[in-house]
Amino acid sequence: MGKPSIFSSEYQKRMRRRKKKTIIGIISIIVVFAIVMIVSKTNLSGIGKTLGNITKSGSNKTTKQESNPKTVVKKEKIVKKNNVPTKKVDTGSFVVTMPSGKQAKIVYDNTTVAKVIKSVDNSDSDLDYNINPSSSAVILFQKSTQDVILANSDGTSSNITNLSYVSGGGQSFDKATVLKNNPTYIWVQSPKFIDDSNIAYITQLPWFNKNDKYIWKFNVQNKTNMNTNITGLNVQINNVTAQGLEIVTDNKTQYLKGDGSLTN
């Protein structure tokens, strides 16, 4: 069928139909495009929310996963701290018996090769004690009987009381007889360590009819008693200091060394 003439009545009809089809086609395309855009926007929004939720959920999980290890580590630290074993102190003891029969318990630390004396378990006011600077020995002194016992950390002990005195003229005086005749006489009093090798004590020897008091010294190694000639009416032995054993004679303070020398 040929193309109609522009002067034909069919031409006008066909042109109108073609124009109508064109308009419908354009409208259809616009509608389809609009629908596609709406659907696409909806899907993208849903996907965005989904991705957002996934990201947020992942972030929360990460946060929890990050926080949980810290919590666990903290708990583990606490457990480890609480489970640290406390150092057990290994102590031992032995009993020393005085000549009168009275006893005192010596407590020592047994964690080292050389035992170290820690204290003396004693509730008897008649018994006094003094531990040497290295804590390897202790003096036990009974006031009522004026007896002195030296005890070592290994459990050995010996009576170091000066039991007799021989005057320059050769006359001998024994402790028991002197105290029996004069119970207030000071044969030995306040024994204390000067150092690990020497012990100082107060006595009225050699005078028996005077109130003068002297400081004597006992040497642990050679077991000898020596008069230091430190004397006074009021004599006091205090504690060991960096300068030596503090001695107060008639209100004068001096410091006694192991060799018997004095410093102010």
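Among contacts in the protein chain (heavy atoms within 4.5 Å) between residues at least 6 apart in sequence, 28% join residues at least 24 apart. The structure is a predicted model, in which local features need pLDDT of at least 70 and side-chain atom pairs count only at pLDDT 80 or more, whereas totals for chains, interfaces and linings use all residues. Residues are numbered from 1 along each chain as its sequence is written, and side-chain values use heavy atoms, with hydrogens and water left out. The chain has 2 helices and 17 strands, taken as DSSP runs numbered from the N terminus (helices H or I, at least four residues; strands E, at least two). Of its 264 residues, 30% count as buried, where buried means under 20% relative accessible area, exposed over 50%, and partly exposed in between, with a 1.4 Å probe and protein chains only.

When neighbours within four places in sequence are left aside, the contacts of Ile 199 include Ile 139, Ile 160, Trp 216, Phe 218 and Val 220.

Ile 199 also belongs to the lining of the largest cavity, together with Val 148, Ile 160, Thr 161, Asn 162, Val 188, Pro 191, Tyr 201, Phe 218 and Asn 225. For this analysis a 1 Å grid was laid over the protein atoms alone, a cavity being a set of points where a 1.4 Å probe fits but cannot get out, and lining residues having an atom within 4 Å of a point. Grid points are joined across faces, edges and corners, and a volume is the space filled by probe spheres set on the points. A search of the whole structure finds 1 cavity of 30 Å³ or more, and about 70 Å³ of space lies in the largest cavity. Its lining divides into 7 nonpolar residues, 3 polar and no charged, with Ala, Val, Leu, Ile, Met, Phe, Trp, Tyr, Cys and Pro counted as nonpolar, Asp, Glu, Lys and Arg as charged, and the others, Gly among them, as polar.

Strand β11 (residues 198-203) contains Asn 198, which is buried because its relative accessible area is 6%. The side chains of Asn 198 and Asn 219 are joined by a polar contact of 3.1 Å; such a contact is a pair of N or O atoms within 3.5 Å, of which, within protein, one must be able to donate a hydrogen and the other to accept it, and residues adjacent in sequence count only if both atoms are side-chain atoms. Beyond neighbours within four places in sequence, Asn 198 is also in contact with Lys 192, Phe 193 and Gly 258, among others. Asn 238 lies in strand β14 (residues 235-241) and counts as buried because its relative accessibility is 17%. Outside four places in sequence, Asn 238 is in contact with Lys 192, Leu 245, Glu 246 and Val 248.

The loop between β11 and β12 holds Gln 204, a residue that is buried because its relative accessible area is 8%. Gln 204 and Ile 186 are 18 residues apart in sequence, yet 5.6 Å apart in space, C-alpha to C-alpha. Pro 206 is found in the loop between β11 and β12 as well, and a cis peptide bond, with omega of about 10°, joins Leu 205 and Pro 206.

Most residues other than glycine have a negative phi, and most peptide bonds are trans. Positive values of phi occur at Gln 146, near 55°, and at Asp 250, near 50°. Gln 146 is placed in the loop between β5 and β6 and counts as buried because its relative accessibility is 9%. Asp 250 is placed in the loop between β15 (244-249) and β16 (252-256), and is partly exposed because its relative accessible area is 40%.

Terms used:
On a 1 Å grid over the protein atoms alone, a cavity is a set of points where a 1.4 Å probe fits but cannot get out, and a pocket is an open set with protein on both sides within 12 Å along at least five of seven lines; lining residues have an atom within 4 Å of a point.
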